[in-house]
Amino acid sequence: MATTQKSLVIPAAKAPLELRDMPIPTPGAGQVLLKVMAVGLNPMDPARQKQDMMIPSYPVVLGSDIAGVVEAVGEGVVDFKKGDEVFAQAAMGGGYQQYVALSTKILIRKPKNVSFDDVATFPITFSTACVALCAPAPIGIGLNPTLSSDKPHVGKSAVVLGAGTSCGQFAVQLLRFNGFSTIIAYASAKHTEYLTSLGATLVIDRNDSPLADLPAHPALKDAPVDVVYDTVLGIISSAGGSGDATGTQAVTPVDIGYDLVKPHGLLVTVNPRISLSSTRTGKEGVVLTKSMGFYVGPDVIPSPMSKVEHTHFGRYIIERLPVLLEEGAIVGNRVEVLPGGLEGVKAGFERWYQPGAGGVSAVKLVAHPQETV
Ligand SMILES: NC(=O)c1ccc[n+]([C@@H]2O[C@H](COP(=O)([O-])OP(=O)(O)OC[C@H]3O[C@@H](n4cnc5c(N)ncnc54)[C@H](OP(=O)(O)O)[C@@H]3O)[C@@H](O)[C@H]2O)c1
């Protein structure tokens, strides 16, 4: 086997991505060496590069949504063997290269009936939607703490703010999986057919209805919902429209969520820096849950935001997700494969940096590191 590999490295703070020849790691105790067949891109990655954020040291290889084949196992590993097909959330990165050593604690088995590309769309954003909606407090709103297929919420209603995002697409599916009868998706109208196929019962066009106007929408005005899930980044001004409005007039997407939810309803955001404005108080039994999408805890992820509760709930994701995939109960995001292997990741990053570079619209960008020349 070769001893070096192609890696897409950020050599120093805010430096451009650089393709380098790097040593193939040897898996340590409790680790496997994974041959990376597909890696999904997340908006956090270009943000981390651009802003020198959440990167403890350089050089660094990002890439958290990893799917591949076990190439070798480290000391003490008995549950996995060479040739096993798996996917994993490597929260700190490592996927934008051809081989990576990963702890067995984060590995999820890939069913044969789904592709590496499909499963590479799951690790970060499915976990984010799933923890937020299904995990018990304090990390989620507890709709289905064991991920049972019993549809425990038939008759209930929900709104997904930002349903076109990868997180939002999985949220819509998870609400359907949990039996919700009304699932209102706030997204671009062009995604109506797609989001309906995932479970949305109504799509409200975000280009036609500014977020601030949503509480007055005919479908919502006199029909507060049981659950609001927010994945919209940023602030909206009280005058309507989206953007980064500042000042005392600003309201956040979770303020709008607060306005939409019933007393004693459940309100959750996956943007943990967002809080309810001081004007949003007094609705009985409504608190905002801020959620992080980890399925392992601080023993694996060196972040104060990862909790032991992530490990407890995460074992249901690790055990149940392969079954749900095999049954077709949950499907992956639509995929766009970037050409040129790891070189394609550079162009993918540009899609978030530059509005004119093509954007990312209800699709998951995926790269194939083995195709790098
Ligand atoms: N807490 C956690 O652990 C965690 C983990 C992952 C992500 N997140 C957060 O979740 C959010 C979504 O991430 P993602 O990877 O799922 O995003 P993504 O797939 O890259 O999102 C792209 C989509 O965002 C939609 N969008 C952009 N602005 C919008 C707005 N103002 N209202 C509604 N939709 C809008 C776009 O819609 P169009 O198609 O209409 O253009 C596009 O389809 C981000 O804010 C991210 O920071 C949190």
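Buried means under 20% relative accessible area. The legends below all refer to a predicted model.

**View 1. L147, a buried loop residue with positive phi.** L147 sits in the loop between α3 and β8 (157-161). Its relative accessibility is 2%, so L147 counts as buried. Its phi is positive, about 55°, although L147 is not a glycine. Most residues other than glycine have a negative phi.

**View 2. H264, an exposed strand residue with positive phi.** H264 belongs to strand β14 (residues 261-269). Here too phi is positive, about 65°, and H264 is not a glycine. At 54% relative accessibility, H264 counts as exposed.

**View 3. Two cis peptide bonds.** Most peptide bonds are trans. The bond joining Y58 and P59 is cis, with omega about -5°. P59 is placed in the loop between α1 and β4 (65-73). P138 lies in the loop between α3 and β8.

**View 4. Helix α3 against helix α4.** The axes of α3 and α4 (residues 166-177) come within 8 Å. They cross at roughly 45°, which makes α3 oblique to α4. The crossing is right-handed. On the α3 side, the contact is made by T125, F126, T128, A129, C130, L133 and C134. On the α4 side, S166, C167, F170, A171, L174 and L175 take part. The residues of this contact divide into 10 nonpolar, 3 polar and no charged.

**View 5. Helix α3 against helix α7.** α3 (residues 123-134) and α7 (residues 308-327) have axes that come within 11 Å and cross at roughly 120°. The two helices are therefore oblique to each other. α3 passes α7 in a right-handed crossing. α3 contributes F126, S127, C130, V131 and C134 to the contact. α7 contributes H310, F313, I317 and L321. By class, the contact of α3 with α7 holds 7 nonpolar residues, 2 polar and no charged.

**View 6. The buried face of helix α8.** In α8 (residues 343-353), the buried residues are G344, V345, G348, F349 and R351. Seen down the axis of α8, they fall within an arc of 145°, so they line one face of the helix. These buried residues pack against β1 (4-9), α1 (44-51), β16 (335-337) and β17 (364-367).

**View 7. Helix α1 and the residue just after it.** The buried residues of α1 are D45, P46, A47, R48 and Q49. What covers them includes α8. Just after α1, D52 takes a positive phi of about 50°.

**View 8. H191, buried in a loop.** H191 is found in the loop between β9 (182-187) and α5 (192-198). With a relative accessible area of 7%, H191 is buried. Leaving aside neighbours within four places in sequence, H191 is in contact with G164, R334, S361 and A362.

**View 9. V373, exposed after β17.** V373 is found in the segment after β17. At 87% relative accessibility, V373 counts as exposed. Leaving aside neighbours within four places in sequence, V373 is in contact with K6 and L19. V373 and S291 are 82 residues apart along the chain, and their C-alpha atoms are separated by 39 Å.

How values were computed: Residues numbered from 1 in each chain as written. Predicted model: local features only at pLDDT ≥ 70, side-chain atom pairs only at ≥ 80, totals over all residues. Heavy atoms only, no water. Axes fitted to C-alpha atoms, helices over the stretch in contact; angles between N-to-C directions. Helix = DSSP H or I, 4+ residues; strand = E, 2+ residues; numbered from the N terminus. Parallel < 35°, antiparallel > 145°, perpendicular 65-115°, else oblique. Left-handed = near helix turned anticlockwise from the far one by under 90°. Contact = heavy atoms within 4.5 Å. Nonpolar A, V, L, I, M, F, W, Y, C, P; charged D, E, K, R; others polar. Buried < 20%, exposed > 50% of the residue type's maximum accessible area, 1.4 Å probe, protein only. Arc of directions from axis to C-beta.
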